[in-house]
Number of protein chains: 2
Amino acid sequence: MSKVYSTAIDAIHDVRDGSTIMLGGFGLCGIPENSINALVKKGIRNLTCISNNAGVDDFGLGLLLKTRQIKKMISSYVGENQEFERQLLSGELEVDLIPQGTLATAIQMAAMGIPAFYTAAGYGTEVAEGKEVREFNGKKYLMEHALYADFAIIKAWKGDRYGNLIFKKTTKNFSTSMAKAGRVTIAEVEELVEPGELDADQIHVASIYVHRIFQGIDYEKRIAQELKDGMYVNLGIGIPTLVSNYIPPDVFIMLQSENGMLGMGPYPLQEELDADLINAGKETVTILPGGAFFDSAESFGMIRAGKIDLTVLGAMEVSERGDIANWKIPGKMVKGMGGAMDLVAAARNIIVAMMHTNPKGESKLLPQCTLPLTGVGCVKKIVTDLAVLDVTNEGFKLLVRAPGVSVEEIKDKTLGKLIVQGEVREMEI
Amino acid sequence: MSKVYSTAIDAIHDVRDGSTIMLGGFGLCGIPENSINALVKKGIRNLTCISNNAGVDDFGLGLLLKTRQIKKMISSYVGENQEFERQLLSGELEVDLIPQGTLATAIQMAAMGIPAFYTAAGYGTEVAEGKEVREFNGKKYLMEHALYADFAIIKAWKGDRYGNLIFKKTTKNFSTSMAKAGRVTIAEVEELVEPGELDADQIHVASIYVHRIFQGIDYEKRIAQELKDGMYVNLGIGIPTLVSNYIPPDVFIMLQSENGMLGMGPYPLQEELDADLINAGKETVTILPGGAFFDSAESFGMIRAGKIDLTVLGAMEVSERGDIANWKIPGKMVKGMGGAMDLVAAARNIIVAMMHTNPKGESKLLPQCTLPLTGVGCVKKIVTDLAVLDVTNEGFKLLVRAPGVSVEEIKDKTLGKLIVQGEVREMEI
């Protein structure tokens, strides 16, 4: 059984014009950089690439975009790459944007021989167009299909000659599922060892899935009051991350980061920086004692199964009935929905943390959302710079106002129906 | 965050009459024995138990069967327990038998918030009755639903106070998926450690899934020519296991055991015996260098996704068109289908290894199967004590006869249509 290749160019020898390729990694964490460089060098074109992100302009998949070798991208979030955004807006590039959890799980299903499955992510949004809707236990789900590819190209930490793989920290992300789903799977590893050197209990991808393996070179490393003790909390990117600064010292919260971690700790000191350990915002972070790493399919599994006690998200608009829009401004901003649709479709308890108005001073609390929806009727509470409001069947119910902010000001800046009952107290700080 | 309980009785305090419970383990490997003993002691009744097996008469779930505390079992294989078989045949016990892969994955889907999925296992058999059949890419699949439970009770090797778990060898089996699927998950561990003592890269079940944990006590440990180099092969129980004795020394085969192992080695020497390392036949085995352990959901994922190059199964009957029956004799034998339906529904290359006739001397190669089917039109080749035959559109095609066996004898003992073309050579040994 010989699966070992000596170089990236040899390992990708039969990737052809028009091939469909899955590429592992989240942001720049755990990307198969040697293989991508080989694809650039080989100059094959019209590729369909399945990858959560598209790298940045001068690294990762960005390199293949620059050389126009990619015909179509299937991704969840492409916000970090200007050339990508340009090609998409100009129509030079076909793009399928898929909710991050659906993307991870559709790949995992291909790996498991399951042709189709049901998820609530994207129900009621443009993602649902043309898809079968079905009700289970009173909730609406979309039928999604498994996602297949001619090649899966991924990077692991260690591998043996048979193809067994072990990953480090948050580098599992999409790579473990892709490695299991590819018709032909090519793995580049930092360290290639002999069979038996890896502990069989700790293997993340078993040899049966991996067809070719090589040792890569030159790895470039890049670098509240609602919270109750024992809660598992997912904090969105942006304003929500600030919430963690206000956790009382006697409350223990386990933060989940949807790229594959529980127990997210503070930003690292200079000497702790580790490119293999990032959060969903692609910032390097640390892990606290008792934390755990896992892959994206599992991460969205725990989100979808309702294990997260509280989700705090940013938003561009929230409607009276709890609809949320936070992923797209048509014709202007096309970063992708990332994991937001999966989160809002699944979470039992969603708080939106946002400014009360947009930069133009217009209300973000509306009778109906004007932007494409991320989810329907899912927001339970809104915390803004001006107030805290519950989303009720009758409209936005004002609970507390920020210090020095009058009820009148909140009324003025709330376009959706506002319910004010009795005296509204000032927020305590 | 306190999840630690001091005893099994405390940890199961709110399991009530009529509760639905998932119990981890495969055979007697990795079963939550302390918790089962506590359930027996507590005397609660009318339980619905989801467990691949039902223990043996005096250990594991067999104890709860003996005391008649179980109203219903949801299992794939119950062959080791005579009291179970008696209660089933007498109608005292309700039993749902589910293909092993469907069982594992239905639990995994509950853990992932996916209400329904499609699998080919059981299509065309009695398992398909009343289920939606749907075609994807020209193949027929059954819609199966996620399987939920009030409690998941499992055993792990090590756990920390937050509930992070690590498993040993083939003890992952159903336990990792169940741990993630339970509405309330109770874990008993051999060793309870402090958060941070487990390596976050090696955690098999993250803390978010586990609600209660306690350290258990008194753990009782129980103890070819078709094969080409580099093949991944699943060998069924019985005659097929003998195949491994005939692998030529220059051919490297990786044996898969569907309870969660690649790289299965020979039976252990006395001093190598390890109750945590068993094969699908519940025999203790060894692992070869380069092997890997994983859970049942993953094991059947790789089977279903067609990663296995060759599957060798025993059979009670095979029909001309390749139907196979090997799991049930109505009213007489109700061991369950185990993983057989999943294997035959998925494998690209299935060889049946069996005696040509049954103990009564009747042909097992028939125009049509008379016993309940395991799978439809899936067998490609049959190796018996008398001959090797291909299954073709026209019938059984005789390829080779065993030494000293005449074509006439094979004709006499083959009830289905037999095709004999030209001289039929004798098998070389």
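Predicted model: local features only at pLDDT ≥ 70, side-chain atom pairs only at ≥ 80, totals over all residues.
Local features need pLDDT of at least 70 and side-chain atom pairs count only at pLDDT 80 or more, while totals for chains, interfaces and linings use all residues. Residues are numbered from 1 along each chain as its sequence is written, chains are lettered from A, and side-chain values use heavy atoms, without hydrogens and water.

**The helix pair.** Let's start with H5(B), residues 100–112, and H8(B), residues 296–304, which pack at about 120° with their axes 8 Å apart. Helices here are DSSP runs (H or I) of at least four residues, and strands (E) of at least two. On the H5(B) side, B:Gln100, B:Gly101, B:Thr102, B:Ala104, B:Thr105 and B:Gln108 meet B:Ser296, B:Ala297, B:Phe300 and B:Arg304 of H8(B), contact being heavy atoms within 4.5 Å. These contact residues comprise three nonpolar, six polar and one charged.

Now to strand E16(B), residues 310–313, which is covered on both faces. B:Leu310 and B:Val312 lie on one side, B:Thr311 and B:Leu313 on the other, and all are buried (under 20% relative accessible area with a 1.4 Å probe, protein chains only).

| Strands | Sense | Bridges |
|---|---|---|
| E12(B), residues 232–235, and E16(B) | parallel | three bridges |
| E16(B) and E19(B), residues 350–353 | parallel | three bridges |

Within them, B:Asn234 stands opposite B:Thr311, and B:Leu313 has B:Val352 in E19(B) as its bridge partner.

How values were computed:
Axes fitted to C-alpha atoms, helices over the stretch in contact; angles between N-to-C directions. Nonpolar A, V, L, I, M, F, W, Y, C, P; charged D, E, K, R; others polar. Buried < 20%, exposed > 50% of the residue type's maximum accessible area, 1.4 Å probe, protein only. Pairing = 2+ DSSP bridges.
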